[in-house]
Amino acid sequence: MYLLKSDYKISDAQNKTVKKIVSDYRKHIQKQVLLGITGSGKTFIMANIIYELDSPCLILAPNKTLAAQLYQEFKNFFPENRVGYFISYYDYYQPEAYVPQKNLYISKEVSINPELERLRIDAVRNILESKNTIIVASVSAIYNIGSPDDFFKQKISYFLYAKIRRDDLIREFIDLGYLRTEEFIETGKFRIRGDIIEIFPTSEENPIRFTLDGINIVGIEVFDAITANKIKELESVNIFPISYFYYKKSRIQGSIEKIKTELNDRVKFFLKEDKIEFAERLKEKTLYDIELLEQYGYCSGIENYSMYLSNRKKGDPPYTLLDFFGKDYLMIIDESHISIPQLKGMYLGDRSRKQKLVDFGFRLPSAIENRPLNFEEIQSKLKNVLYVSATPSEYELTDSKHQITELLVRPTGLLDPKIEIKKVESPVEDMIKEIEKEISNRNRVLITTLTKRMSEKLADHLSFKGIKSTYLHSEIKSIDRIKIIKKLRMGEIDTLIGINLLREGLDLPEVSLVVILDADREGYLRSATSLIQTFGRASRNVKGRVILYIKGMTFSLKKAINESNRRRKYQILYNKENNIVPMSINKKVKDFYDDDFWIRKSEEDIKVEFKDKEDLIREIDKLSKLMKIKANQLDFKRAAFLREKIKYFKNLLVEMY
């Protein structure tokens with residue numbers, strides 16, 4: 001069962017919301033909408049729903065930043081249970097592509113983050129081993145991965161005092177794809193020390209040590225890879241394959257025969273069409289992959305042959321994270337008004353790119369079956385669904401048959417911001433006066449524009465006027481976005497200017513004013529949904545307000561303003577009935593966002609010279625603990641920096657010995 005821990009006390013309104021949603025699920029009302037306003041505690045409500053239903057849960061987030069935030073929150077809510085994190089494991093990803101107009105082939109280039117890869121494998125292992133598992137995922141959850149049956153059936157379980165010979169244990173590790181090493185043990189490798197065999201499973205945070213007495217396992221323990229110190233003893237342990245795309249030799253050999261058959265057919269097709277170049281290119285590329293599969297059981301791009309490796313037929317849905325959950329689980333789609341359009345668009349974009357590779361002889365037609373789910377396939381796999389949004393779209397309302405639970409009050413008593421409409425000759429000059437008022441009260445300001453160019457020019461103009469400003473748009477790297485947001489909260493920046501990136505997933509209690517320029521320009525960025533989401537950025541401050549600069553009124557503006565006023569009146573009435581005095585949210589600026597701090601901190605802690613081996617070992621131990629802290633906080637850039645330092649010091653240690 002789940003064990004929910006929290007410093008929060010659930011409010012009456014939150015409790016009623018939880019009870020209603022849970023009750024409806026138990027009445028087999030399978031698709032529901034939670035319409036929760038910004039600051040109403042939607043994440044806490046989600047945690048309570050999971051606790052009450054006591055079923056596996058997959059939480060889908062629209063972006064990696066929000067997924068990381070949710071992962072941390074659910075780990076805090078359920079510290080005794082399994083909480084997984086499943087997002088794209090690439091630090092850098094350039095997919096294989098071909099541009100016919102330029103006759104340009106772009107080879108696949110990737111940089112895999114080993115910690116994210118471990119967290120993904122750990123997540124699927126957890127859901128296979130325990131019902132009480134929560135996984136927070138991005139849209140990568142709908143992309144092709146191996147079959148859950150293959151992954152689970154290939155695992156090997158080991159028990160204390162079980163009979164097994166040393167050579168058999170080694171052979172089993174090799175069969176699972178692990179490589180032998182004589183150096184410091186790393187993920188995906190095993191090491192032999194007489195009757196002691198150590199392995200670092202890709203699904204574990206720490207390696208496992210097996211001690212044998214000849215024919216029996218007399219010890220199983222988790223140990224620290226750096227210090228070799230025992231962390232805890234185990235009665236049993238499951239070792240899973242090195243990845244979910246790892247298959248036994250018999251499966252690979254059978255797949256190779258099918259690949260060869262398809263290759264022969266495709267080459268004949270190209271020759272018949274007098275496309276000799278395409279035929280030769282495909283033959284050379286595919287035969288090279290086959291050779292690697294025969295020798296090593298793996299090749300770069302193995303996922304392109306997944307239709308055969310996972311025994312699927314053409315057109316069958318690929319295996320995804322959703323299949324690891326089975327049939328009885330709860331799917332929570334957070335910020336559903338954004339997540340649903342993303343899910344709808346993934347398949348067609350992927351198909352277009354792959355089709356060009358197939359048409360021009362870079363891939364076999366079966367490579368198209370390495371794909372994300374299309375939207376109809378996603379719908380068929382969803383049973384119990386909770387759409388969560390402050391502004392659910394028509395799709396969620398229709399799909400749930402308008403089974404909506406509204407939560408329009410905040411425990412803090414905070415109101416939806418006051419909305420001011422301004423029609424002035426010079427909006428920018430008027431806005432500067434409003435900004436200066438907020439800055440004098442040590443508050444922050446968000447400004448939304450319609451174009452990137454305008455956001456950049458406006459930031460320069462405000463800076464020239466002495467207002468500390470910067471812009472935020474899609475061309476800003478993720479890590480830099482986090483730094484900018486942190487600087488805004490710390491007061492190093494007073495005004496942040498953006499387009500639509502300021503709407504979802506930003507929790508900024510210091511912001512007391514949101515300015516929307518050209519608010520009357522109908523379109524996606526000024527739709528009723530977008531406007532309401534933007535209003536919400538000022539709803540965490542007791543003095544929150546929104547200024548709309550317009551020339552005329554639009555349908556979307558009327559709808560957004562009326563809805564915001566409805567919610568504001570509802571909260572005012574609730575506050576009076578419950579004697580609540582609104583208070584601004586006081587949220588600490590966490591070190592999780594403070595990349596520069598950890599750069600300085602780690603550089604200060606790293607010594608250049610060491611007195612002896614013990615001194616160096618202590619330093620490695622300290623850096624290893626710091627690295628794990630950063631990895632757990634999902635600060636993988638800093639963790640990677642520390643990992644490289646640790647490797648350097650390990651080499652020094654070897655030299656000392």
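Biologist: What makes Glu438 count as buried or exposed?

Modeller: Take the cut-offs: buried is under 20% relative accessible area, exposed is over 50%, and partly exposed lies in between, with a 1.4 Å probe and protein chains only. Glu438 has a relative accessible area of 7%, so Glu438 is buried. Glu438 sits in helix H14, and helices here are DSSP runs of H or I with at least four residues, numbered from the N terminus. Leaving aside neighbours within four places in sequence, Glu438 is in contact with Asn443, Val445, Ser512, Leu513 and Arg545, where contact means heavy atoms within 4.5 Å.

Biologist: And what is all this based on?

Modeller: This is a predicted model, where local features need pLDDT of at least 70, side-chain atom pairs count only at pLDDT 80 or more, and totals for chains, interfaces and linings use all residues. Residues are numbered from 1 along each chain as its sequence is written, and side-chain values use heavy atoms, with hydrogens and water left out.

Biologist: What is the mean pLDDT of the chain?

Modeller: The mean is 88, and 92% of the residues reach 70 or more; pLDDT is the predictor's confidence in each residue, from 0 to 100. Over residues 591-608, though, the pLDDT is below 50, and this stretch has 37 contacts in the model beyond near neighbours in sequence. Where pLDDT is low, the predicted coordinates should not be read in detail.

Biologist: Why are H14 and H15 called oblique?

Modeller: Helix H14 (residues 427-440) and helix H15 (residues 452-464) pack at an angle of about 55°, with axes 12 Å apart. Those axes are lines fitted to C-alpha atoms over the stretch in contact, and angles run from 0 to 180 degrees between N-to-C directions. Under 35 degrees counts as roughly parallel, over 145 as roughly antiparallel, 65 to 115 as roughly perpendicular, and the rest as oblique. H14 and H15 are therefore oblique to each other.

Biologist: Which residues of H14 and H15 make the contact?

Modeller: H14 brings Val428, Glu429, Met431, Ile432 and Ile435, while H15 brings Leu458, His461 and Leu462.

Biologist: What makes H1 oblique to H2?

Modeller: Helix H1 (residues 12-26) and helix H2 (residues 42-53) pack at about 40°, with their axes 9 Å apart. That angle makes H1 oblique to H2.

Biologist: How do you know whether Leu4 is buried, partly exposed or exposed?

Modeller: Leu4 has a relative accessible area of 23%, so Leu4 is partly exposed. Leu4 is in the segment before H1, and its C-alpha atom is separated by 6.6 Å from that of Tyr51, 47 residues apart along the chain.

Note on methods:
Helices (H or I, at least four residues) and strands (E, at least two) are DSSP runs, numbered from the N terminus.
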